[in-house]
Each structure stands twice: as structure tokens, then as C-alpha cells.
Amino acid sequence: MSKTVVITGSTRGIGRGLAENFLKQGCRVVISATRQPAVDQVVSDLTASHGAEKVVGKACDISRHEDLQALWDFACAQFGAVDIWINNAGISLPRKPVTEQSAEE
Ligand SMILES: NC(=O)c1ccc[n+]([C@@H]2O[C@H](COP(=O)([O-])OP(=O)(O)OC[C@H]3O[C@@H](n4cnc5c(N)ncnc54)[C@H](OP(=O)(O)O)[C@@H]3O)[C@@H](O)[C@H]2O)c1
């Protein structure tokens, strides 16, 4: 089954590598990072190799809750649902369960 995968911080590095590999597996991918021009460039590059129906993108600063909600809503509007959400963009914090982390963290 073709899954929809949202990857934060996917314009370069590990996130972009994940995006390319999920696309190779036949998944639909939502690209994201803080700057829309960088997102648009990566979507353009990946569309050329995987098709416009498989990859879309939207800017999202993960430190802003409203951006995260907008990214979720965008992914659902584009592809119907989110099957996999990868919190790739991030910083180092003390390890603890996600349910014990504050929204600010
Ligand atoms: N590389 C390693 O050896 C390593 C080791 C351990 C853990 N990690 C973790 O793995 C993840 C990816 O690492 P990487 O080396 O691939 O990083 P990277 O090459 O620096 O790429 C970071 C990505 O995140 C985006 N980004 C930065 N700040 C963001 C924000 N506030 N909101 C949304 N997107 C943001 C960047 O684009 P913009 O700047 O344009 O937004 C870029 O697309 C990070 O969470 C990192 O802490 C990496």
C-alpha cells in the first residue's frame, strides 16, 4: 500500500535522504523546512524523478505549534491522511517519553 509520509527538516541531510528513499518505495512524501523557497526547490527536484502526484511541500518551523498544525492539515488536504510523521528536524534535549515533554520542548 502507498503510504503518505511527512518529514520535517527534509530539504537536506538525513531528512532529504529519507524523502528520496520513501519515494523509491512508492510512498507519497511531504517535504518541509523553515524556508518555502528551499522547500519548493526540493519538491521541484523530486517531482522530476518521482512525479508530481507523489511529492508536495510546505514550509514549517517546528518550534511553532501553528506551523505544525498547518503542515498536518496541508498533508491531509493533499493526500487524504498522514500514515507516517517523521520528526527529523530537531535539537538535542534530555531523553524522556514524548508524553512527558512540554509543547515548548
Ligand atoms: N547528522 C548527524 O550526525 C546527526 C546525529 C544525531 C542526530 N541528528 C539529528 O538528525 C536530524 C537531521 O540532522 P541532519 O544532520 O540531517 O541536519 P541538517 O543537514 O542540518 O538538515 C536539517 C534540516 O532541518 C531543517 N530545519 C532546521 N531548523 C528547522 C526548524 N526549526 N523547523 C523545521 N525545519 C528545520 C533544515 O532546513 P532549514 O534550515 O531551511 O529550515 C534542514 O532541512 C536533526 O534532528 C539532528 O539533530 C543528526
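Two strands pair if DSSP finds at least two bridges between them. The views below show a predicted model.

**View 1. Strand β1 and its pairing with strand β4.** Strand β1 covers residues 4–7, and strand β4 covers residues 84–86. The two strands pair in the parallel sense over 3 bridges.

**View 2. Side chains of strand β1.** In a regular strand the side chains alternate between the two faces of the sheet. In β1, T4 and V6 point one way, whereas V5 and I7 point the other way. T4, V5, V6 and I7 are all buried.

**View 3. Strand β2 and the β-α-β unit.** Strand β2, residues 28–31, pairs with β1 in the parallel sense over 4 bridges. Together with helix α1, which spans residues 13–24, β1 and β2 make a β-α-β unit that is right-handed.

View 4. T8 is found in the loop between β1 and α1. Buried means under 20% relative accessible area; T8 therefore counts as buried, with a relative accessibility of 1%. A polar atom of the T8 side chain lies 3.0 Å from the backbone nitrogen of N88. N88 is also one of the residues that come nearest to the ligand.

**View 5. The shell around the ligand.** The ligand has 15 residues around it, of which T11, I14, T34, I62 and N88 come nearest. By class, the shell divides into 5 nonpolar, 7 polar and 3 charged residues.

**View 6. Polar backbone atoms facing the ligand.** A polar backbone atom of I14 is 2.7 Å from an oxygen atom of the ligand. For G9, the distance from a polar backbone atom to a ligand oxygen atom is 3.4 Å. A nitrogen atom of the ligand is 3.0 Å from a polar backbone atom of I62. Taken alone, the ligand exposes 890 Å², and the protein buries 57% of that area.

**View 7. Residue E105 in the segment after strand β4.** E105 lies in the segment that follows β4. With a relative accessibility of 40%, this residue counts as partly exposed, because that class lies between the limits of under 20% for buried and over 50% for exposed. From C-alpha to C-alpha, E105 and K24 are 33 Å apart in space, and they are 81 residues apart in sequence.

How values were computed
Residues numbered from 1 in each chain as written. Predicted model: local features only at pLDDT ≥ 70, side-chain atom pairs only at ≥ 80, totals over all residues. Heavy atoms only, no water. Buried < 20%, exposed > 50% of the residue type's maximum accessible area, 1.4 Å probe, protein only. Right-handed = clockwise from strand over helix to strand, strands pointing away. Near = heavy atom within 4 Å. Polar contact = N/O pair within 3.5 Å; in protein donor to acceptor, adjacent residues only side chain to side chain. Areas by Shrake-Rupley, 256 points an atom, 1.4 Å probe, with all protein chains shown as cover. Nonpolar A, V, L, I, M, F, W, Y, C, P; charged D, E, K, R; others polar.
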